Every structure is written in C-alpha cells, then in structure tokens.
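Please read the numbered points beside the sequence and the model.

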Amino acid sequence: MGHDHGPSAATAGGTLSGTYRSRLLWTIGISASITVIQVVGALLSGSLALLADAAHSLTDAVGVSLALGAVTLAQRAPTPRRTFGFYRVEIFSAVLNALLLVAIFVWVLWSAIGRFSEPVEVKGGLMFVVAVGGLLANLVGLWLLRDAKDKSLNLRGAYLEVLGDALGSVAVIVGGLIILLTGWQGADPVASIVIGLLIVPRAYGLLRDSVHVLLEATPQDVDLDEVRRHLLAERGVVAVHDLHGWTVTSGMPVLTAHVVVTEAALADGYGELLGRLQGCVGDHFDVAHSTLQLEPEDHREEGGALHT
C-alpha cells in the first residue's frame with residue numbers, strides 16, 4: 001500500500017486558518033467594541049434594531065473567538081491516537097457558529113413581533129449615528145478577512161458573521177432615517193426583522209457545508225468518476241475500486257483507492273508506478289494526500305467481485 005503525506009494547503013505550516021490568526025484577533029476586538037457601543041446606543045435610543053445588531057455583533061465576537069480557538073487547536077501536531085491532529089475542530093467550530101446565528105434569528109424575530117403589539121418610542125437620530133459607526137467598523141473587519149473567505153470554512157464563518165453585521169447596520173441606518181423623516185416607529189422592529197432574515201441564508205449555507213465535511217462526503221470540487229477515468233487512462237491500470245474521497249478540514253482533501261494493475265506494470269517498478277498514479281491524482285485534482293493500494297490482476301480474481 002502506498003502513502004503520500006506530502007504538504008498540502010492545509011498541512012504546510014498548519015491549517016489555512018492559522019495564517020490569519022492575527023486578523024482574527026483584530027476582528028474580535030472590532031466586534032467586541034461594536035457590541036458595547038451598540039448596546040449603549042440601544043439603551044439610550046430605545047431601538048430594538050440596534051439591540052438586535054448588538055446581539056449579532058456579540059455572536060460575531062463569540063463566533064470569531066471560536067474560530068480562533070479552533071485555529072489554535074488545529075496547529076497541534078498529530079499523535080498516534082489522533083493521526084490527523086485537531087484539524088476537524090475547525091469544522092465543529094463552524095457548526096457551532098451557524099447554530100449561534102440561528103439562535104439570534106429566533107430571538108430577533110420574537111422580540112420584533114412583540115414591538116408591534118407594544119410600540120416603544122425610539123430616538124431615530126441616535127439610532128442612525130450609532131449604526132453608521134457600526135457599519136464603518138464592520139467594513140474594517142471585512143477588509144481584514146477579505147482574502148480568507150474562500151479558503152476555510154472556519155474563516156468563511158467569521159467573514160460571513162462580519163458581513164451580516166455590516167448589512168444589519170445598513171438596515172438600522174435605513175430604519176433610523178425613516179424614523180427621523182417620517183416619525184414612523186414601526187421602522188425599528190421592521191429593521192430588526194430584516195437583520196434576522198439576513199442571518200438565515202448565511203447560517204444555512206455554513207451549516208450545510210460543515211455537515212458535508214462531517215459526513216465525510218466527497219469534496220465538492222472533486223469528481224470521483226473523473227478521478228477513476230484519469231487513473232484508468234494510466235498505462236498498466238486495469239481497474240479501480242473502493243474509491244473514496246473526503247475532507248479532513250478546509251483545504252485538506254483526502255483520497256483512497258484500490259488500483260488493479262498488470263503484472264508487466266508492476267515488473268517495471270512498484271515505486272515508479274505508485275508515484276505516477278499519485279502524481280495523476282495530485283496534478284489533476286489537487287489532492288496531495290492520497291493512499292493507493294496496488295493490486296495485481298490475479299488478486300482481483302481471487303477476491304471475487306470488485307467494490308465500487
């Protein structure tokens with residue numbers, strides 16, 4: 001059986017998320033500061049939308065803190081009991097992040113409905129000013145994480161948290177302007193509901209992708225049928241079975257397969273053949289960690305029918 005433990009995007013110097021540890025720290029500081037300012041502003045203005053946005057900012061700080069904790073754990077070296085180390089912690093962090101977003105959505109929706117039956121006087125001017133400050137701070141957070149969102153589920157969760165909070169600040173700004181210009185107090189709970197609705201698609205997408213990894217489903221950018229065709233096109237390959245692909249953590253896809261080869265191919269050199277097949281997988285599908293078991297044709301005959 002051949003093993004390739006060469007460096008990959010996730011293993012070279014730690015996980016992808018580890019590269020952005022300092023940016024995560026800055027983002028946590030920004031989110032925490034926004035939360036404090038928005039809570040004070042909500043208490044002074046009576047705005048539920050500001051309070052909802054503050055709760056969202058708090059989940060930003062908590063969610064990014066979870067991401068940072070997962071990044072720190074993921075840097076720990078593998079052990080004989082945990083051969084992949086703590087890479088999967090990043091995915092669990094992403095799941096928890098998504099569940100926090102769902103909880104905030106339920107609370108915001110419930111509170112907004114209550115405001116319609118029991119209206120509260122809201123100071124639109126203060127609401128507007130605090131929301132503008134929150135938007136500017138969130139734009140800084142988005143800039144810090146702009147390169148990370150497509151490289152790690154963990155960092156994607158952090159980025160989406162900040163993006164959602166920025167959009168929430170826009171909703172609060174619009175609500176504050178409506179109250180200032182028209183005096184309609186219903187703009188505040190409406191803005192709160194908008195903030196809640198902004199959370200739903202982000203939470204769903206993050207949870208869906210995280211569960212995809214936890215279920216060890218085939219990486220979304222890897223077509224196993226195409227992998228099989230490429231391997232079968234290699235000289236000396238007769239069949240490919242027990243082909244599996246999954247993701248350990250973001251940027252770390254893994255592939256295993258049993259490859260039936262001719263006796264002539266084995267006679268030409270086991271090492272050369274294995275290197276060629278692993279190179280095929282790595283070059284065409286960007287899978288640096290592959291485990292291929294080479295089997296002679298007579299082994300297939302003794303073992304009976306092949307598994308897919």
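1. Basis of the note. This is a predicted model, in which local features need pLDDT of at least 70 and side-chain atom pairs count only at pLDDT 80 or more, while totals for chains, interfaces and linings use all residues. Residues are numbered from 1 along each chain as its sequence is written, and side-chain values use heavy atoms, with hydrogens and water left out.

2. Overall make-up. The protein has 10 helices and 4 strands; helices (H or I, at least four residues) and strands (E, at least two) are DSSP runs, numbered from the N terminus. The order of the elements from the N terminus is β-α-α-α-α-α-α-α-β-β-α-α-β-α. Of the 308 residues, 50% count as buried, where buried means under 20% relative accessible area, exposed over 50% and partly exposed in between (1.4 Å probe, protein chains only).

3. Helices α3 and α6. The axes of α3 (residues 89-117) and α6 (residues 187-214) come within 8 Å and cross at roughly 160 degrees. The two helices are therefore roughly antiparallel. Axes are lines fitted to C-alpha atoms, for helices over the stretch in contact, with angles from 0 to 180 degrees between N-to-C directions; under 35 degrees counts as roughly parallel, over 145 as roughly antiparallel, 65 to 115 as roughly perpendicular and the rest as oblique. The contact of α3 with α6 has 24 nonpolar, 4 polar and 3 charged residues. In these classes Ala, Val, Leu, Ile, Met, Phe, Trp, Tyr, Cys and Pro are nonpolar, Asp, Glu, Lys and Arg are charged, and the others, Gly among them, are polar.

4. Nonpolar cores. The largest nonpolar core has 35 residues, and Leu24, Leu50, Met127 and Val172 have the most contacts inside it. Such a core is a set of buried Ala, Val, Leu, Ile, Met, Phe, Trp, Tyr and Cys residues joined through side-chain atoms within 4.5 Å. Helices α1 (21-45), α2 (48-74), α3, α4 (124-144), α5 (153-182) and α6 each supply at least two residues of this core, and the largest share, 10 residues, comes from α5. Apart from this core lies another, of 21 residues, including Leu255, Leu273, Cys280 and Val281.

5. Helix α9. This helix (residues 270-285) has 16 residues and reaches 22 Å from its first C-alpha to its last, close to the 22 Å expected at 1.5 Å a residue; the expected span is 1.5 Å times one less than the number of residues. Among its buried residues are Leu273, Leu277, Cys280 and Phe285. The axes of α7 and α9 come within 10 Å and cross at roughly 140 degrees, and these helices are therefore oblique to each other. Just after α9, Asp286 takes a positive phi of about 55 degrees.

6. Positive phi elsewhere. Most residues other than glycine have a negative phi. Glu216, however, has a positive phi of about 55 degrees; this residue is found in the loop between α6 and α7 (224-232) and is partly exposed, with a relative accessible area of 47%. Asp242 has a positive phi near 50 degrees. Asp242 belongs to strand β2 (residues 237-249) and counts as buried at 18% relative accessibility.

7. Leu243. Leu243 is also found in strand β2 and counts as buried at 6% relative accessibility. Leu243 and Val259 are 16 residues apart in sequence and 8.9 Å apart in space, C-alpha to C-alpha.
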